[in-house]
Amino acid sequence: MTTVQNLIGGERVGDPELARHNPANPGEIVAVTPASDASAVHAAVSAAEQAQGAWAALPAPARGAILLDAADLLRSRHSQVAEDLSREEGKTPAEATGEVRRAIDVLRFFGSLAWQASGEVLPSAMPGTTIFTRREPVGVAALITPWNFPIAIPAWKMAPALVSGNAVVIKPAELTPLSVAHLSNALVEAGLPAGVLNVVHGTGSVAGDALARDPRVAALSFTGSTRVGLGLHTILSERRARVQLEMGGKNAYLILDDADPLAAAKVVAASAFSLTGQACTATSRVYCTPGIMEAFLAALAKEAEAFTMGPVVSEQQLAVDVSAIDVARAEGATVVTGGDVPSGQFLRPTVLTGLAHTSPVVRDEIFGPVVAVLGVDSYEEGLARVNDSRYGLTAGICTRDLTAAHHFAAHAQVGVVKVNRPTTGLDLNVPFGGVKDSSSNTFREQGTAALDFYTWSKTVYLGHE
Ligand code: NAD
């Protein structure tokens, strides 16, 4: 068991109060953390506010160098980090290793960006005048993160915030404190000045709420549930602070008759069962045109039965998954495969069919390895079903028909479209975010687009005759 303290102004403080258990072995306590109250959160924001000016005054490449050194440190200890991530979140060793590598690459990407030009030089109608723009840091950026990518999401929010000259206060998910501890340790050991990065552990309703309400927080980036995100949106908008929300999803796949049923089943299985279905980009509803339904369903059942998955993250999440399967059964659905919990928190990959389009199992986010397969009569009906959702994060189509693929790319109401590729998994250099209730639908994360949220543009006129 590891004690993980808060990091405030360079000091490690706070008594151990909250325990996190290993989801694969619930008797094992993995870590204990403070349950921070509002005063700890305010101390962290004060430390950030004090440190930010000197940090922003450093040349950008000096800030980037710290991110690059932190990447090297994480690389040197990546097997330990992956093991801890796996113990607290439940990911398989391969998934945990992949996620740690992603965090390392994110630090490298944004560390290197520090050498790129920022701002523009523009012509003026006035003689002897040059106009240029500067990207200014917002000041203190608050980050609130979920458990399902416990090191990658903190990394892809922290890295653009820090390299742009902001100070950061992060409130990580209660279930996964160790991964953020590894990330923040690497940044501190790489030379990040005290107070530039502060970590406060605790519950969302106390520590997270206090962070969002602190008027010195200029921007809040949140990833988590739609319910919590919409509440935060109200708090931040009332004081006209910047807010970026990445929230829930009910991602859909459309399989057309011309697709290869085996290839489509592999794509959908990867989309639905990777990371135990606990990815915001996971597919949880599939629409098939009539000619491929039978062959696809049989192939998907085989893929599901052969899929290696870690445990569900918590007893509460397992209860949500099982209750969705119970609702499906009560509504007369067929459980094609899975639907049972052979041991502990290990739910089998579950494929359902025979549900009505109006079923809550088809409409509401479950966030587990449960996928519903429904029939549609045509591409047009399939597209309409895909778009008939309050969410809009990702959607996919399996087809060899370029016309259908392009039409889908243009008309799917989502932030990310995948053609013949799993809805899960994005490269780190592409803009990421959704529409509707999946996102604040303003600023994108990842890639160079991420810098927009953590900076604002100042226009400077320079007369020089
Ligand atoms: P959650 O909303 O319960 O918690 C997310 C974070 O918010 C945690 O750190 C939590 O402590 C904090 N929080 C909770 N209540 C709060 C409050 N009142 N004020 C301030 N902070 C509060 O979500 P979760 O269960 O950790 O994660 C699962 C959810 O996250 C799913 O809905 C999933 O779709 C979503 N998610 C979305 C994306 C995306 O990019 N769109 C990525 C990953 C997860």
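This is a short tour of a predicted model, from the whole chain down to single residues.

**Ground rules.** Local features need pLDDT of at least 70 and side-chain atom pairs pLDDT 80 or more, while totals for chains, interfaces and linings use all residues. Residues are numbered from 1 along each chain as its sequence is written, and side-chain values use heavy atoms, without hydrogens or water.

**Stop 1: the whole chain.** Along its principal axes, the C-alpha trace spans about 75 × 60 × 40 Å.

Now color by burial. Of the 465 residues, 56% are buried. Buried means under 20% relative accessible area, exposed over 50%, and partly exposed in between (1.4 Å probe, protein chains only). Next, look at contacts, meaning heavy atoms within 4.5 Å. Among those with a separation of 6 or more, 74% join residues 24 or more positions apart.

**Stop 2: helix α10.** Select residues 293-306. This helix has 14 residues and reaches 20 Å from first C-alpha to last, close to the 20 Å expected at 1.5 Å a residue. The expected span is 1.5 Å times one less than the number of residues. Show the side chains of M293, F296, L297, A299, L300, A301 and A304, the buried residues of α10. What do they pack against? Their partners are β13 (251-255), α9 (261-273), β14 (283-288), β15 (334-337), β16 (350-353) and β17 (370-375).

**Stop 3: T226.** Go to helix α8 (residues 226-238), where T226 sits. Is T226 buried or exposed? At 4% relative accessibility, T226 counts as buried. Select M247, G248, R390, Y391 and D437 too: T226 touches them, leaving aside residues up to four places away in sequence.

**Stop 4: T448.** Move to the loop between β21 (435-436) and α15 (450-453), which contains T448. T448 is partly exposed, with a relative accessible area of 48%. Finally, draw a C-alpha to C-alpha distance from T448 to S221: they are 16 Å apart in space and 227 residues apart in sequence.

Definitions and conventions:
Helix = DSSP H or I, 4+ residues; strand = E, 2+ residues; numbered from the N terminus.
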